Amino acid sequence: MSRPESPLEHSAATPVLSVRDLAISLPSGSDRSHAVEHISFDVRAGEIVCLLGESGSGKSVIAFSIMGLLPGNVRVSGGDLVLNGTALNGATGIDAAHLRAKRGTEMAMIFQEPMTALNPVMSCGEQLDELLAQHTSLPANARRAKVIAMFEAVKLPEPERIYASYPHQLSGGQRQRIMIAMALILEPKLLIADEPTTALDVTTQAEVLSLIKALQRERGTAVLFITHDMGVVAEIADRVVVLEQGKQVETGDTQTVLSAPREPYTQMLIASVPPIEPPVRASEFAGPPALRVESLCKTYLSGGWFQKRRETRAANLVSFDVRPGETVGIVGESGSGKSTVARCITRLIDPTKGTISLGEQALHLGSADELKLARKRIQIVFQDPYRSLDPRQRVGEAIIEGPLNFGVSRDAAMRRAKELMSLVRLSPEVLSRYPSEFSGGQRQRISIARALALDPEVLICDEAVSALDVSVQAQVLTLLEEIQARLKLAIVFITHDLRVAAQICDRVLVMSRGHVVEQGLTRDVFLSPQHEYTQALLASAPGRHFKFARNSA
Amino acid sequence: MGAFLAKRILATIPVMLIVAIIVFALIRLVPGDPAAVIAGNMATNEDIARIRTELGLDRGFFAQFAIWAKGLVTGDLGQSFFFKKDVTALIAERVGPTLSLAFLTIVITVLIAVPLGTLAAWRHGGWLDRALMGFSVLGFSIPVFVIGYLFAYFFALRIDWFPVQGYKPLSAGIGEWIRHLLLPALTLSIVYVALIARVTRASVAEALTEDYVRTARAKGLPESRVLIKHALANAAVPIVTVIGIGVALLIGGVVVTESVFSIPGLGTLTVDAVLARDFPVIQGVILFFSVLYVLINLLVDVSYVFLDPRIRY
Amino acid sequence: MSPNVRRVLKNGAVRFGSTVLIVLTVIALLAPWLGTTDPAWLDAVNMNQKPGVTVDWTGPDNQTAPRTLLMGTDSFGRDIYSRVLYGARVSLLVGVIVSVVALAIGTLFGLLAGYFRRVDAVLMRFMDGLMSIPAILLAIALVAALGASLTTVIVAIAIPEIPRVTRLVRSLVLSIREEPYIEAAISVGTPVWKILLRHVLPNSIAPMVVQGTYVCASAILIEAILSFLGLGLPSEIPTWGNIMAEARVVFSSAPYNMWFPGIFLTLTVLAVNLLGDGLRDTLDPKFNKRGAQR
């Protein structure tokens, strides 16, 4: 395969991808007639262009329209897609067979979820091999050598072993490297990356981003990078296209758009990004702790008659306390044990060892009745707003369910529910409706109201804003702080998002593999991390050096 | 693999034990004096007493179960009252036609149902899909004996292509064997095709919505490869599972189909035994079919290891 | 809930299925007034008459009068039209009672097995054993042991269906109890029985109703098979299976004796199956792998 000597020279002349006035129509009966309209941008060789938008902005649909992979009832209804001078759509466009021949060779794509994007019943090597078999005439041994070389290029360890492995035997980061290897093995001119690091942990994300950037520089590939994460944009993009609800809001080079956005929507979006530098906070909280956790351990045993018994320490000797009005964060990557701690504290699972006390009451022991009474004092808000409310239960019934369990009369509970609705800024009419009628942010407010209905002293937020768009996330966080100030709640805030933790937590615990590796005042931990894991974690946060525009409006 | 096999085989033991208990308990469900009922109206008191001793009805439930189960382990299923023979020998005599019919039916079914279901899933909502779904719901709704008589009426009575009834063993030549079995096997395969085509369609359609299929298409692979190597390969486990579960349906169908086409297999034996209240034979046949079903599903479980690399034991 | 109901009623399969079933129910209930005679009555003069002929017919009151035999007579001289219409009663009754009984018992077992691990271990082993005996064989064996009456036939058909319902409900419970809204209910102090009744059961209703229709279809078929093999209800009781059992004897000379009850039987089962498929498509799009509940 020959490559242009200097891809960057090539770039000025014709863009690799040119999108002009693109419109994509949705089937009738959708909430809008077009997924996107009036979209125009170019991607040149050696350039990374980010499509930035929140959920529902239509950013992924654009990517699929270029690849010709839109679902049957969604179609390009106007505009031009031109790849390397070849029209991909419209009257002059190429037919399906020619488009298929371009996939994998001239344009390639990597996806968000590397676990589901790879075929689970085919070995990783075979999945690249079939691509070569389809588009080249190389003999089998040459194909194999090429695949192994590509695995080396994406820095996979032991390429020979990886070749024969199945996706489930690899880590998330390794899987995404396989995807990248697959996308780039035939040296396409255009790489489309659809949220390729969203499902990865932050340290893995940093590695994958730098890999994409390095390979792209080396090969002069044009990259269209789709993301919702402004930190990632700051890290990787040369230019950025901002989308809102299918409309192109703002386009420009990354520096200008992120630090001096022109449009109000972009300004709002960027202002919603929590700064990674924690603000100065009052560090003293008076009074005895509302919640005290000492030497909490949770061990899982697996294996049975025929397998070796294995012991997994999901949480090991975790100790901390939270005072009224204080927010203590637990940060860590997936598998660090942070959610295990949350579930032990609320006794959704039983801790193996250690003590948990709510004021004077020991929560880790005691009879079922005592546990029930303790439940009233400690409440939890879950991550997934779409699954944490029973779809068959009216919102009002969900909120009064707790108080009714504790003998409050229905009328009194309903009155209280109405007050709570105004506390979480929703109308009281919400109470008579079903969860399916609400957005993710609204549902999360409802979940908060349900938790507050029992007047708890401690509130556990288990990734409570992680599934929300950044603008909604900012609103919910503000709401939580207001409620805390008013009710003097002790909050345990569990998150993988360092920016969120920096803004909302008074103190943080950093967890890794079941252990607390570091804890202290948020500002101390973030500005001068002591443990090397904390240092690595903070160094991986995308866009950490970037100064985002603050809200000027 | 060895540990897995051992584990799976051990897991079938409690299931078989429960089947044995249920089958054994059947005779004790007979209201009134089972021995008198079994002996019939013409029986003398001596006959009744003899039957009572033979069946161990004069002993306690568990005492007799222990004796009976001991016989089972050595392959002794007792004596038939009606045929005056060892039940084991009786089953051995009749098993050939039944297994032939079941085997031919499974082959026909898989050859028809899997390709059709896959194509229907590929062109979801197209004419083939709708036709297949229509056929499938009809296949679930027509009783197997009505299909049998319809086929017999058209293919044997109207146009003389196949014999109406009877059976020729494989030793009489493969042509004769198939000629006699084809009509019953087709009859029996209708409901089985309906089931397996439906599950194939649903599983392949589900696989086609998965991200890895999108990846395969993004690689520029032809649709045939996307469909077979990516979608169907991932749908294999549920399809094979249903082929295994469907064997229960098939066994039920065998009893009826054998009766319609007068095939001298275990199905007709069952019906004759019930009409004669020949309990040792009824118990033996049910045990035989249940063991067959459990063994086939054991094979299905083992096949998972080859179909899905995520399943390792 | 009302948009749900509207969506269900707009479904073609639901409309066809429920219309056919309503018509059949009306026919079954009004059978005595639809020009029928006593279905067990035989007029030995008029054996093996062809459909549509008009004959001098001696009725149960010993009066002889001209009568048009819409579906002919069987080899005993019984009026097939009357027998087919009365036969609808048995099929519908068996279908409804078996599905209600199997669903009620299976749901109870499934909820218990899904929520209590100790119950699960014992109960599911027993259900596995029961499921290893093919349904028709088990029904045949039970009828052989219990003797053939309407009650025993219903019991014999219902027992093999119970483990299937139990498995379905158990798997629903196991997946629903992993939902965060169940954990939310636990953390606001809701007791187990309330969680089962308020959260788990309402979220399982749709697949259970669908399963209920399939149980009903299977029960009608198995009852017909038992009768057809001569192992079901006594032959003087008019059931579609019994009519066809008698039709076997004269099949080469009078195949239509087989077709009339066969068409009614197929149409009934088809209507129930279509109703089930329609309900499944409209209420529960995820649950579409019939038979794959393992």
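**Stop 1: chain A against chain C**

Select chains A and C of this predicted model. Here 21 residues of chain A are in contact (heavy atoms within 4.5 Å) with 19 residues of chain C. Together the two chains bury about 1,900 Å², with 51% of it on carbon and sulfur atoms. Buried area is the accessible area (1.4 Å probe) that two parts lose on being put together, summed over both.

Now pick A:Arg387, A:Arg392 and A:Glu401. These three supply 31% of the area that chain A buries against chain C, more than any other three residues.

Polar contacts come next. Across the interface of chain A and chain C, 11 residue pairs qualify, both residues at pLDDT 80 or more. A polar contact is a pair of N or O atoms within 3.5 Å; within protein, one must be able to donate a hydrogen and the other to accept it, and residues adjacent in sequence count only if both atoms are side-chain atoms.

Helices (H or I, at least four residues) and strands (E, at least two) are DSSP runs, numbered from the N terminus.

**Stop 2: the two domains of chain B**

Move to chain B. Select domain 1 (2-73) and domain 2 (93-307). These bounds come from an automatic or database domain assignment. Their centres, taken over C-alpha atoms, are 32 Å apart.

Where they meet, 19 residues of domain 1 are in contact with 14 residues of domain 2. The two domains bury about 1,400 Å² between them, 81% of it on carbon and sulfur atoms. In domain 1, B:Arg8, B:Met16 and B:Val23 lose the most area to domain 2, together 30% of what that side buries.

Zoom in on B:Arg8 and B:Asp301. Their side chains meet in a salt bridge (2.5 Å, N to O).

Show helix 1 (2-26), helix 2 (34-39) and helix 4 (61-73) of chain B. Each supplies at least two residues of the domain 1 side that touches domain 2. Helix 1 gives the most, with 12 residues.

**Viewer notes**

Residues are numbered from 1 along each chain as written, and chains are lettered from A and ligands numbered from 1 in the order written. Local features need pLDDT of at least 70, side-chain atom pairs count only at pLDDT 80 or more, and totals for chains, interfaces and linings use all residues, while side-chain values use heavy atoms, leaving out hydrogens and water.

Notes:
Salt bridge = Lys/Arg side-chain N within 4 Å of Asp/Glu carboxyl O.
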